Amino acid sequence: MRWFVHEVLPDVDGVVYLVAGEGPEAADIEDAARRRGVVDRVRLLGAVSAQDKELLMRGSDVFVQPNVPVPGDMEGFGLVAVEAAMRGALVLAADLEGLRDAVVHEQTGLLLPAQDAGAWRRRLRGLTGDRRQAHTLAERYSTQARRRYDRELMGQQLHDVLAKHEAD
């Protein structure tokens with residue numbers, strides 16, 4: 001998030017970046033926002049309730065998960081990206097590690113190269129410049145995410161995998 005605030009946000013007008021949750025990088029994110037002159041467009045919300053998390057995901061135009069590679073710390077399955085897509089936010093996620101498993105490019109969201117600030121800026125500018133397209137993509141990807149990650153379907157798939165494993 002610090003990388004996004006420092007490298008991308010200053011060059012994309014009309015975006016307010018909400019960060020929900022707590023973490024050790026809060027001060028670094030605030031510092032990056034101050035240094036880059038975007039303090040007025042970055043909101044560190046801290047811990048939020050499940051109800052507020054739901055409202056944030058349903059009310060966001062775009063959900064951004066701009067993870068960067070961290071040696072020795074692999075990103076697991078990007079569940080929050082799935083949750084955001086299922087709730088109607090257009091998901092933009094870094095194309096790395098477990099996010100690739102959670103976000104199916106151009107089906108449930110958009111994968112962008114990790115740490116490629118130019119690619120992130122271009123995509124966000126395009127989406128903020130054409131809100132109708134962003135809304136259309138969000139609706140299509142949300143429908144696909146709800147189909148792909150349906151609880152009944154996933155439960156059946158898990159059952160099938162376990163049954164196959166037991167048979168082997």
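Here are a few worked exercises on the structure above.

Before you start: this is a predicted model, so local features need pLDDT of at least 70, side-chain atom pairs count only at pLDDT 80 or more, and totals for chains, interfaces and linings use all residues. Residues are numbered from 1 along each chain as its sequence is written, and side-chain values use heavy atoms, with hydrogens and water left out.

**Exercise 1. Work out how the rings of Trp3 and Trp120 are arranged.**

Step 1: Rings of Phe, Tyr and Trp (its six-membered ring) pair if their centres lie within 6.5 Å; planes under 30 degrees apart count as stacked, over 60 as edge-to-face and the rest as tilted.

Step 2: Apply it. The ring centres of Trp3 and Trp120 are 6.2 Å apart with planes at 75 degrees, so this pair is edge-to-face.

Step 3: Trp3 sits in helix α1 (residues 2-7) and Trp120 in helix α6 (residues 117-129), so the pair ties together parts 117 residues apart in sequence. Helices (H or I, at least four residues) and strands (E, at least two) are DSSP runs, numbered from the N terminus.

Step 4: Check the cover. Both Trp3 and Trp120 are buried; buried means under 20% relative accessible area, exposed over 50%, and partly exposed in between (1.4 Å probe, protein chains only).

**Exercise 2. Describe the pair formed by Phe77 and Tyr149.**

Step 1: Geometry comes first. The centres of Phe77 and Tyr149 are 6.3 Å apart and the planes make 70 degrees, giving another edge-to-face pair.

Step 2: Now the location. Phe77 is in the loop between β3 (62-65) and α4 (79-86), while Tyr149 is in the loop between α7 (131-148) and α8 (151-167), 72 residues apart.

Step 3: Compare the accessibility. Phe77 is partly exposed at 44%, whereas Tyr149 counts as buried at 10%.

Step 4: Zoom out. The structure holds four aromatic pairs, and ring pairs link Trp3, Phe4, Tyr17 and Trp120 into a cluster.

**Exercise 3. Which residues touch the most other members of the largest nonpolar core?**

Step 1: Know what counts. A nonpolar core is a set of buried Ala, Val, Leu, Ile, Met, Phe, Trp, Tyr and Cys residues joined through side-chain atoms within 4.5 Å.

Step 2: Pick them out. Among the 44 residues of this core, Phe4, Val5, Val8, Val91 and Trp120 touch the most other members.

Step 3: Follow one of them. Setting aside neighbours within four places in sequence, Phe4 is in contact (heavy atoms within 4.5 Å) with Leu9, Tyr17, Val64, Pro66, Trp120 and Leu124.

**Exercise 4. Find what covers the buried residues of α4.**

Step 1: List the buried residues. In α4 they are Ala81, Val82, Glu83, Ala84 and Ala85.

Step 2: Look at the cover. It includes α3, β3, β4 (90-94), α5 and α7.

Step 3: Carry on past the helix end. Just after α4, Gly88 takes a positive phi of about 100 degrees.

**Exercise 5. Look at phi in Glu106 and Gln115.**

Step 1: Recall the background. Most residues other than glycine have a negative phi.

Step 2: Take Glu106. Its phi is positive, near 60 degrees, and Glu106 lies in the loop between α5 (97-102) and β5 (110-112). At 48% relative accessibility, Glu106 is partly exposed.

Step 3: Take Gln115. Its phi is also positive, about 65 degrees, and Gln115 lies in the loop between β5 and α6. Gln115 is partly exposed at 46%.
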